[in-house]
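Student: I have a chain to look at and would like to work through it by questions. Could we go from the overall layout to single residues?

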Amino acid sequence: MINSSPAAGILDRLSKASSAEDFFSLLGVDYDPKIVNVARLHILKRMGQYFAKEQFAGVAEPEIRARCKAMLEQAYADFVASSPIDQRVFKVLKDAVADTKKAAAFVPLSELK
């Protein structure tokens with residue numbers, strides 16, 4: 001668990017989190033450990049994608065906390081509803097799909113010896 005002053009802002013506290021469980025605890029989001037054990041990195045990556053779209057300048061701390069909580073809840077819900085393979089948040093999984101869509105090379109029988 002994070003050993004941080006209660007006065008520290010939520011963004012500072014999240015930046016010091018060392019596990020997915022820390023994120024859930026800090027933001028007060030309930031979760032099923034079975035889902036987090038399978039998709040922890042995917043959930044945090046997805047939360048990061050949502051986070052990148054946010055602007056927090058001039059926003060009050062309670063609103064920042066609420067928005068961060070909503071982002072984690074949505075990221076978690078994405079992986080409750082479908083698998084990491086279905087969501088494909090990591091490049092390696094996206095590339096695996098892209099490779100299967102490439103046309104297979106055709107080799108005519110006459111060229112086989």
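Tutor: The questions below concern a predicted model.

Student: What share of the residues of the chain counts as buried?
Tutor: A residue is buried if its relative accessible area is under 20%. The accessible surface of the chain comes to about 7500 Å², and 58% of that belongs to carbon and sulfur atoms. Among the 113 residues, the buried share is 28%.

Student: For contacts with a separation of 6 or more, what part comes from residues 24 or more positions apart?
Tutor: A contact here is a pair of heavy atoms within 4.5 Å. Among contacts with a separation of 6 or more, the part from residues 24 or more positions apart is 55%.

Student: Which residues of helix 2 are buried?
Tutor: Helix 2 is mostly covered, with six of its eight residues buried. The cover over these residues includes helix 1 (10-15), helix 3 and helix 4. The buried residues are Ala20, Asp22, Phe23, Phe24, Leu26 and Leu27.

Student: Is phenylalanine 24 buried or exposed?
Tutor: The cut-off for buried is under 20% relative accessible area. Phenylalanine 24 has a relative accessible area of 1%, so phenylalanine 24 is buried.

Student: How are the rings of phenylalanine 24 and tyrosine 31 arranged?
Tutor: The structure holds three aromatic pairs. In this one the ring centres are 4.6 Å apart and the planes stand at 45°, so the pair is tilted.

Student: Which residues form one aromatic cluster?
Tutor: Tyrosine 31 is partly exposed at 31% relative accessibility, whereas phenylalanine 24 is buried. Both belong to the cluster, which consists of Phe24, Tyr31 and Tyr76.

Student: How many salt bridges does a search of the whole structure find?
Tutor: Side chains of opposite charge can pair when their charged atoms come close. One of the salt bridges joins lysine 16 and aspartate 12, at 2.7 Å from N to O. Lysine 16 is partly exposed at 47% relative accessibility, and aspartate 12 is partly exposed at 33%. The search of the whole structure finds four.

Student: How many residues apart in sequence are the parts that glutamate 21 and arginine 40 tie together?
Tutor: These two form a salt bridge, with the closest N and O atoms 2.8 Å apart. Glutamate 21 lies in helix 2 and arginine 40 in helix 3 (residues 33-52), so the pair ties together parts that are apart in sequence by 19 residues.

Student: Where does glutamate 54, the partner of arginine 67, lie?
Tutor: The side chains of arginine 67 and glutamate 54 meet in a salt bridge at 2.5 Å, N to O. Arginine 67 lies in helix 4 (residues 61-81), and the pair ties together parts 13 residues apart in sequence, because glutamate 54 lies in the loop between helix 3 and helix 4.

Student: Which residues form a nonpolar patch on the surface?
Tutor: Leucine 112 lies in the segment after helix 6 (91-101). Leucine 112 is exposed, with 52% relative accessible area. The patch has about 330 Å² of accessible area together, and its residues are Val107, Leu109 and Leu112.

How values were computed. Residues are numbered from 1 along each chain as its sequence is written. This is a predicted model: local features need pLDDT of at least 70, side-chain atom pairs count only at pLDDT 80 or more; totals for chains, interfaces and linings use all residues. Side-chain values use heavy atoms; hydrogens and water are left out. Buried means under 20% relative accessible area, exposed over 50%, partly exposed in between (1.4 Å probe, protein chains only). Helices (H or I, at least four residues) and strands (E, at least two) are DSSP runs, numbered from the N terminus. Rings of Phe, Tyr and Trp (its six-membered ring) pair if their centres lie within 6.5 Å; planes under 30 degrees apart count as stacked, over 60 as edge-to-face and the rest as tilted. Patches are made of residues with over 30% relative accessible area and no salt bridge: like charges are joined within 9 Å, nonpolar side chains (Val, Leu, Ile, Met, Phe, Trp, Tyr) within 5 Å. Accessible areas come from the Shrake-Rupley method with a 1.4 Å probe; for residues, only the protein chains shown count as cover.
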